Amino acid sequence: MSGLLSDKIVVVTGGGSGIGAAGARLAAKDGARVVVADLAADAAERVAQSCGGEALTVDVRDSASVQALVAAVVARHGRIDGLFHTAMSVPLVNKHDRRVTELPEEIWESIISLVLTGTFHVCKYFGQQMLKQKSGSIVLTATSDALLGQAGLDAYTAAKGGVVSMTRSMAAGLSPEGVRVNSICPGFVDTPHQREFLEKPEMRHRIEQMHLMPIMEADDVAEFAIFLMSDRARYQTGGIYACDGGYSAFKGRLDVVEVFDRAEG
Ligand SMILES: NC(=O)c1ccc[n+]([C@@H]2O[C@H](COP(=O)([O-])OP(=O)(O)OC[C@H]3O[C@@H](n4cnc5c(N)ncnc54)[C@H](O)[C@@H]3O)[C@@H](O)[C@H]2O)c1
């Protein structure tokens, strides 16, 4: 099949849902052989079946589980060209993260372990394989919340801020040997666990006001990951890319001309 990822071996962690599922489907459409890796075996299987990929179970918090995933993919395909790392528990963050003064220590630890240590595990073991090949593209999923303040998300922003920083230092370390590392920072994306916000009209309105464009779908983020894993992005490394419908580009919906006109009138 021809496409941006023709014949590439692509692994999507968190591929059972949301942005990862979109990434798996789009990568397959673009010619990749796709491995959908997720903690939720049934979800991974469903997505794999929908795109002709294969499903494997992984817990990114667990080093041995990530090593087993890499070994299984290499045993079957001989190499790994692209990693799209999206695995995350949105409910853990949405329901349990807090501002620092009220943040239970065990919640801090579980979010750091899943988001930051999970990223460390996948980058370490996928990175080792890609270094052997002297090629590969790692695409991480950070968030606009790692770049701008967001009340009530102190563990999540710390962990994703770590992902942003690691992106640059890992690129510096790995890219001279052919391995590219980039991060995407989405704004609010309409994925299954985020939908409950959108079902409340007042909340939907506030989220819409924070972006310059309509609320993003998972595909809008995944398309960019496909590009970053493709050879078209062969000079892209160490990049932290906003993919957020303008969320990080402006301070708020305040038209200064309008304000002064009103003041003068
Ligand atoms: N949806 C948004 O608004 C948004 C905004 C910014 C950033 N992001 C980031 O995008 C990524 C995907 O978000 P989403 O909304 O698509 O999430 P989602 O909940 O739809 O999908 C996440 C997937 O990760 C899997 N997962 C959870 N824990 C895991 C583990 N320990 N090991 C392996 N897999 C695990 C889940 O089973 C699920 O299938 C996350 O990293 C999130 O932080 C999302």
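A crossing of two helices is called left-handed if the near helix is turned anticlockwise from the far one by less than a right angle, and right-handed if clockwise. Hold on to that, everyone, for the two helix pairs coming up.

A word on what we're looking at: this is a predicted model, where local features need pLDDT of at least 70, side-chain atom pairs count only at pLDDT 80 or more, and totals for chains, interfaces and linings use all residues. Residues are numbered from 1 along each chain as its sequence is written.

Let's begin with α1, residues 18-29, and α2, residues 41-51. Helices here are DSSP runs of H or I with at least four residues, strands are E runs of at least two, and both are numbered from the N terminus. The two axes are 9 Å apart and the packing angle is about 25°. Axes are lines fitted to C-alpha atoms, for helices over the stretch in contact, and angles run from 0 to 180 degrees between N-to-C directions.

Who touches whom? From α1 we have A21, A24, R25 and A28, and they meet V47, S50 and C51 of α2; contact means C-beta atoms, placed from the backbone, within 7 Å. By class, that's five nonpolar, one polar and one charged residues. Ala, Val, Leu, Ile, Met, Phe, Trp, Tyr, Cys and Pro count as nonpolar, Asp, Glu, Lys and Arg as charged, and the others, Gly among them, as polar.

Now the ligand. Helix α1 gives the most to the shell around it, with three residues. There are 31 residues around the ligand, and G14, S17, G18, A87 and T191 come nearest; to be near, a residue needs its C-beta atom, placed from the backbone, within 6 Å. The shell divides into 15 nonpolar, 13 polar and three charged residues.

The second pair is α5, residues 105-133, with α6, residues 154-174: their axes come within 9 Å and cross at roughly 15°. These two are therefore roughly parallel as well, and α5 passes α6 in a right-handed crossing.

Last stop, C243 in strand β9, residues 240-243. Is C243 buried or exposed? Buried, because 22 other C-beta atoms lie within 10 Å; the cut-off is 20 or more for buried, 12 or fewer for exposed, and partly exposed in between, with C-beta atoms placed from the backbone. Beyond its neighbours within four places in sequence, C243 contacts I184, C185, P186, V221 and F224.

Methods: Parallel < 35°, antiparallel > 145°, perpendicular 65-115°, else oblique. Contact = placed C-beta atoms within 7 Å.
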